[in-house]
Amino acid sequence: MAALSSPLRLCRGILREIRAIKGPEYKQSLAYNYVLDQFRKNQITGERYCRAQEEALHASHSYLCLLTSTRQHLALYDIYHGKGQRDTEEMAGIVGLRLPTQPGGKGWEK
Amino acid sequence: MLRNLVRLHSRLGHALSPPTVCPRGQVLKLLPLISVNSKSYSIVTERKKFYEDVSISHGEGGMFEINLDRRKLKTPGGKLFTAPNEALAIAVANEWDTQKDTLKFYSMHMTTLCNTALDNPTFRSKDQMITAALKYLETDTICYRVEEPPSLVELQNNEWDPVLNWIEDRYNVVIGSSTSILGPEIPQATMDTFRQHLGSYNLWSLTGLEYVITQLKSVVLAFALIDKHITVEQAVLLSRLEAEFQIGHWGNVEWAHDVDLYELRSRTAAGALFVHFSSECSTVKRNLMQD
């Protein structure tokens, strides 16, 4: 299967997502510091093929995918998702009517 | 009465039309649309944001807790929310941090997974979860092939066969693909191997793994993703192969295809990450050979 992106691109991508979420003070957020920390820690390895490094890379790729896809999904949701129905009392009120009331309560109500 | 209406109106904001006085002179009470009841597993999709800061703290037993302002986060079942490691805690905290104005629970996948693992509201045991997960193998997406149109057949062979070969090699099993309506015959030995492999995961990881399998509708793809053989985007693409083929032919419908795609991606990514964090007890052991 295709090789994963380079660590630099992944790191930049994740930090960009965090910035998109948080705004100007993104550098103080938890996630920012943790992500940078993790990338720094996993940078240096003695082995040529370090399994932990590969796994960390895959995990960061998954996290980037999570952040981007959640953001994109929410954007589409805001555009396309239905706003829900109004309550019946309200709907009656819009046309100027009232719902009938039963003084003893309806049969199934407590 | 008027003051109540003004208060209600300002609370509900622009979402509703202003209260009208009906011809009979009765002013109607507008009921709020969203009932706030987050104590149980009732269907609440959104809620107003009630905190400013999110932080994590060490709890007892090495677990991590999430703090919203001063209060500790709780699961829907009422238990204190605890995460077994820092990475998971930060992922969840970040989800809560992402919310603005209203809390959109349907976008907080890591939180949902943690809640399910902590509460176990349907009281399932490991065996039940493994059986449920393996049931998907009999109707695995990868194993169901079409016979026509030929371009789709070719696409399926080119994309799905490598993954199938990989998993057959990796786990030393026989799965095979089939074009019949009944699907492939999965030998018992294969099921036993997978059952044994799944048994080695703890309850948290199994929750995540079963979630990924359910989302991708394929055990093979889920394993390929969890074993880090393919990425999330690739797994989602392979799961939706026929849909992508049809999109390429007939065109893309944003409000259906794209919404589906991003939702599937976010859920799968959350599941994969959840399994990774739950199964890898990643403590950094550094060989301080350098300074």
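Over all chains, the structure holds eleven salt bridges. The model is predicted, and the tour below visits three of these pairs.

**Between the chains**

Begin by selecting A:Asp78 and B:Lys104, which form a salt bridge whose closest N and O atoms are 3.7 Å apart. This pair crosses between chains: A:Asp78 belongs to helix H3 (residues 51-80) of chain A, and B:Lys104 belongs to strand E6 (residues 102-104) of chain B. Display the surface next. A:Asp78 has 44% relative accessibility and therefore counts as partly exposed. B:Lys104 counts as buried, because its relative accessibility is 16%, and buried means under 20%.

**Within chain B: B:Glu65 and B:Lys72**

Move to chain B and select B:Glu65 together with B:Lys72. Their side chains meet in a salt bridge, with an N to O distance of 2.8 Å.

**Within helix H11 of chain B**

Finally, select residues 254-279 of chain B, which make up helix H11. Both B:Glu263 and B:Arg267 lie in this helix, four residues apart, or about one turn of the helix. Show their side chains: the two residues form a salt bridge in which the closest N and O atoms are 2.8 Å apart. B:Glu263 is partly exposed, its relative accessible area being 22%. B:Arg267 also counts as partly exposed, with 24% relative accessibility.

Terms used. Residues are numbered from 1 along each chain as its sequence is written. Chains are lettered from A and ligands numbered from 1 in the order in which they are written. This is a predicted model: local features need pLDDT of at least 70, side-chain atom pairs count only at pLDDT 80 or more; totals for chains, interfaces and linings use all residues. Side-chain values use heavy atoms; hydrogens and water are left out. A salt bridge is a side-chain nitrogen of Lys or Arg within 4 Å of a carboxyl oxygen of Asp or Glu. Helices (H or I, at least four residues) and strands (E, at least two) are DSSP runs, numbered from the N terminus. Buried means under 20% relative accessible area, exposed over 50%, partly exposed in between (1.4 Å probe, protein chains only).
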